[in-house]
Amino acid sequence: MPSIQFQQGPIRPPSEADSLLIRTTQGCPWNKCRFCTLFDGMDFSIRPVEDIKRDIWAAKAFYKGRKFDTCFLQDGDSFAMDTQDLLDVLNTLKQAFPELKQISSYGRAQTMTKKSPEEMKAICDAGLNMLYCGMESGSIDVLQKMKKGITPKSILKSAEYAKQAGMKMMTFIILGLGGKELSDQHVNETAALLNQIDPDEIRILSLAVKPGTELDSMVEDGNFTPLTELEMVEEQRKLISLLESVNGNYGNYHSINLLMELNGKLPEDKPQFLATIDRYLALQPEQQQNFILGRRVHYYSQLDDMSNQLYFDTVQRELNKIEQSGTANIDDIFYQLRQRMI
Ligand code: SF4
């Protein structure tokens with residue numbers, strides 16, 4: 001196989017696994033969020049348009065006639081590009097890959113709100129019709145504590161611009177991002193903002209504190225108390241119960257999440273989501289722990305898997321060993337297991 005003669009960035013959303021990847025920017029224009037190490041050590045830059053266009057044609061040659069329905073523009077924020085340059089890139093993409101139905105990108109609220117509604121419409125009309133928004137929380141206190149550099153106001157405004165332009169919008173939310181200190185604000189204000197935005201899709205992630213991050217230091221210093229797995233389940237229950245005017249997909253696709261079966265559509269699947277969570281919450285504490293460990297060591301993918309007696313007993317033996325060793329609190333073990341997944 002010939003070597004790739006075009007740039008590929010380090011990240012893409014999991015749902016873009018089969019997409020054509022074209023790199024328009026390198027790194028993240030903000031790169032300061034306390035929980036994030038995605039672009040550590042990488043300065044943000046916007047790639048020259050001629051280089052991006054050369055990459056598009058190089059990708060066309062490399063894939064030898066392969067048809068792509070979707071394309072994702074890497075890395076952190078294509079909206080940081082000058083609008084005319086972005087339109088130039090989109091037009092070239094459509095010439096090279098006329099079958100593309102969806103072109104998507106991450107977009108930071110602070111960057112997108114610098115574009116006019118007319119510019120956003122032109123960008124959408126040129127093909128960039130899907131936006132990934134790392135909102136994480138709708139609470140100003142949480143966003144500030146995490147140094148996200150965006151506000152609920154700017155998130156709402158950018159979402160309005162994107163939707164008015166005709167773009168689809170997928171929004172990421174991180175359970176536990178307020179810690180114990182701001183859990184109520186996190187869940188209440190996130191639900192309120194989601195109700196206002198009504199995104200096409202909500203994707204849930206569960207916080208795992210990466211070693212070496214500023215957030216890790218905050219945990220050490222006692223300025224941030226992470227939620228336990230059980231508390232994150234309770235947080236998600238509250239979030240779902242407060243989503244009243246969201247009409248779109250809701251998903252727990254990342255394996256860092258505990259209840260992977262919470263996938264479907266709001267509002268119709270809301271009763272089923274709540275029933276699944278209640279089924280977990282109704283388990284005896286030892287069974288809840290068995291399920292957490294079983295998920296973290298990959299015996300289970302969903303609650304029903306606990307009915308496999310062989311798996312259940314194997315996980316229970318591991319749980320007993322941990323408890324008998326007395327080396328650490330079981331919640332601390334679960335915290336460390338989650339850290340290993342990022
Ligand atoms: S905006 Fe996103 S990529 Fe940039 S630092 Fe924050 S979480 Fe990381």
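Glu136 has Ile173 in β7 as its bridge partner. That bridge belongs to the pairing of strand β6 (residues 128-136) with strand β7 (residues 168-175), which is parallel and spans five bridges. Strands here are DSSP runs (E, at least two residues), helices likewise (H or I, at least four), and both are numbered from the N terminus. Two strands count as paired if DSSP finds at least two bridges between them. The model is predicted: local features need pLDDT of at least 70, side-chain atom pairs count only at pLDDT 80 or more, and totals for chains, interfaces and linings use all residues. Residues are numbered from 1 along each chain as its sequence is written, and side-chain values use heavy atoms, with hydrogens and water left out.

Now the whole sheet. Eight strands form an open sheet of mixed pairing, ordered β1-β4-β5-β6-β7-β8-β9-β10. From one strand to the next, the twist averages 25°. Helix α10 (residues 270-281) packs on the sheet and touches β9 (248-251) and β10; its direction makes about 120° with that of β10. Contact means heavy atoms within 4.5 Å. Axes are lines fitted to C-alpha atoms, for helices over the stretch in contact, and angles run from 0 to 180 degrees between N-to-C directions.

Follow Tyr250 next. In β9, Tyr250 is the bridge partner of Ile202. Strand β8 (residues 201-206) and β9 are parallel, with three bridges. Tyr250 also stands opposite Gly264 in β10. There β9 and β10 run antiparallel, again joined by three bridges.

The loops hold some backbone exceptions. Pro267 lies in the loop between β10 and α10. A cis peptide bond also joins Gln74 and Asp75, with omega about -15°. Asp75 is in the loop between β4 (70-74) and α2 (83-96). Lys64 has a positive phi, near 45°, although not a glycine. Lys64 sits in the loop between α1 (49-63) and β4.

Last, the ligand. Around the ligand are Cys28, Asn31, Lys32, Cys33, Phe35, Cys36, Phe39, Arg108 and Lys148, each with a heavy atom within 4 Å of it. By class, this shell has five nonpolar, one polar and three charged residues. Ala, Val, Leu, Ile, Met, Phe, Trp, Tyr, Cys and Pro count as nonpolar, Asp, Glu, Lys and Arg as charged, and the others, Gly among them, as polar.
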